[in-house]
Amino acid sequence: MIANDLLKGTLRTIVLKLLADNGRMYGYEITKKVEELSTGKIKLTFGALYPVLHKLEADGHIATETEYIGKRIRKYYTLTDTGRSWTEQKVDEFFDFVNTLTYVLKPTPA
Amino acid sequence: MIAAVIDDNYDRIRSDLVRLGLTYDRLIDDMLDHVCCMVEEYMDQGRDFESSYNQVIDSIGEKTLPEIQHQTLLNLDKKFQRMKNFTYVFGLTSAIITIIGSLFKRMHWPGAGILITVGMMLIVFVFLPLYFITNHRAQPERKNPVYAIVGYLTIALLLVAAVFKIMHWPGAGYLVYSSIGFILIGFIPLYVVNAFQRSGKEKANLPYIVMLLVGIACVMLMGNVNMSKDLLDVYMEEALANELRVEEVQERTARLLEVAQDSAHANQLATIAQIHDQARDLQVMVNDMQEGMIAFVGQPGASINEVHPLDNKNAGREAILDNGAGSAFIREAKQFASMLDELVKDEVANNQIEDHLEFASLVWDFEHGWDGVRESPLMKNYFKNTDASKGIALAEYVAISYLLHH
């Protein structure tokens with residue numbers, strides 16, 4: 001299980017990257033996918049997910065399509081064009097960060 | 001089949017979510033679908049709707065949904081986000097101004113006072129209110145604003161007191177005491193009550209702990225930063241040595257005065273008496289300031305031995321500055337110096353006298369000027385006075401012996 005405070009800043013990047021790879025997804029699907037990809041190590045709760053999704057939507061990085069499943073509405077989230085390039089940038093930033101951390105935390109012997 | 005059961009219960013699930021605290025429609029849509037998916041997963045494993053649904057609803061904590069909604073709405077509130085960013089940028093800017101000001105102050109460059117004052121005032125009147133307001137609004141439940149208000153007042157009062165103290169503005173003392181009082185009777189009790197109320201529920205609020213520590217650090221910085229005991233002891237020894245030397249020199253001067261009484265020096269007698277009188281006046285003034293300092297720390301008539309550990313900075317200010325004794329003394333000492341300068345024509349003797357009366361010139365202002373007196377503990381001010389006293393006694397001796405031998 002990965003500690004919550006380590007995840008905090010990367011949640012947005014994870015969501016964006018999933019949408020980039022899978023096209024359109026709904027909220028529950030995203031939490032399941034994260035659990036599956038991380039072999040259960042990352043538990044993305046709905047409490048953390050929906051505030052982020054709504055923020056990304058308000059900022060224009062993702063858009064929604066609604067479908068009826070019986071009586072209820074299902075909202076599919078997809079990346080917009082700006083969201084797509086932003087995702088690349090965020091993912092690059094993240095790998096940069098991880099590489100830097102690796103240098104810092106595992107210094108190679110001189 | 002499963003979908004049909006869930007559809008039958010659609011209205012019930014929706015009203016349950018509303019009952020649990022959701023009001024924002026777009027979030028209700030999300031959560032409704034999410035909850036249904038969770039129920040479907042249990043039902044796929046062969047369980048019935050009731051037990052699946054109850055397990056899902058029970059797993060959602062009482063406060064979870066209002067918290068999610070609050071967080072979502074805050075994320076969407078552009079004005080709030082702008083305010084938050086502005087608060088951080090502003091806090092950083094004011095902190096930098098203040099730190100540059102402290103650097104200037106340390107280096108004795110001009111403009112330090114203005115920088116510190118502007119930086120601190122921006123922190124107190126712009127950054128802190130914004131910080132407390134945004135922080136308060138970011139709380140998921142409406143907390144009692146009294147915590148934020150008392151927290152703000154405490155830290156604001158401390159910072160204002162610090163500025164007054166640094167700028168030597170009148171009233172600094174009252175502000176320091178009232179901010180300490182505010183911490184003791186307002187902030188700490190409230191914080192303790194708050195901590196007890198929330199114990200077990202969640203972790204104690206870190207910002208409040210940090211603020212408490214900052215407050216304590218401020219008070220410690222503002223209180224008399226006591227001189228080390230060793231240094232006080234050195235001043236004490238030097239002061240006592242000076243006093244012994246003054247006595248010794250005065251005895252020798254007394255013998256000179258006896259010599260002056262004989263008829264051979266009749267023409268010098270009036271001048272010598274004038275020098276002696278003025279030196280005595282100056283010594284009286286020094287003594288008055290010293291007694292004033294000792295009396296200020298609450299023990300009139302005590303010896304310096306008894307009071308020297310009472311490292312009180314206000315003693316010097318009160319006995320030397322506030323009543324004008326210090327400036328009167330320096331005025332007199334300067335007259336004494338120029339009188340001796342006129343009477344003593346020998347270069348060597350004149351140089352000696354100048355050295356002894358050095359304190360009457362600019363040197364005293366630099367080393368023991370207004371700020372020096374204000375900033376120094378009792379013992380250092382006392383020592384400086386004994387040093388002046390020694391200088392007067394020696395200058396008097398040199399001048400009188402010169403006159404007797406010429």
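**View 1. Where chain B meets chain A.** This contact takes 20 residues from chain B and 16 residues from chain A; two residues are in contact if their C-beta atoms, placed from the backbone, lie within 7 Å. The model is predicted: local features need pLDDT of at least 70, side-chain atom pairs count only at pLDDT 80 or more, and totals for chains, interfaces and linings use all residues. Residues are numbered from 1 along each chain as its sequence is written, while chains are lettered from A and ligands numbered from 1 in the order in which they are written. On the side of chain B that touches chain A, helix 3 of chain B gives the most, with nine residues (helices are DSSP runs of H or I, at least four residues, numbered from the N terminus).

**View 2. Two packed helices in chain A.** Helix 2 (residues 11–22) and helix 4 (residues 46–58) of chain A pack at an angle of about 70°, with their axes 10 Å apart. Axes are lines fitted to C-alpha atoms over the stretch in contact, and angles run from 0 to 180 degrees between N-to-C directions. These two helices of chain A are therefore roughly perpendicular to each other (65 to 115 degrees). Helix 2 of chain A brings A:Leu11, A:Arg12 and A:Val15 to the contact, and helix 4 of chain A brings A:Ala48, A:Val52, A:Leu53 and A:Leu56.

**View 3. Around B:Ala399.** Leaving aside neighbours within four places in sequence, B:Ala399 is in contact with B:Ile275, B:Leu340, B:Leu343, B:Val344 and B:Ile353.

Conventions:
Angles under 35 degrees count as roughly parallel, over 145 as roughly antiparallel, 65 to 115 as roughly perpendicular and the rest as oblique.
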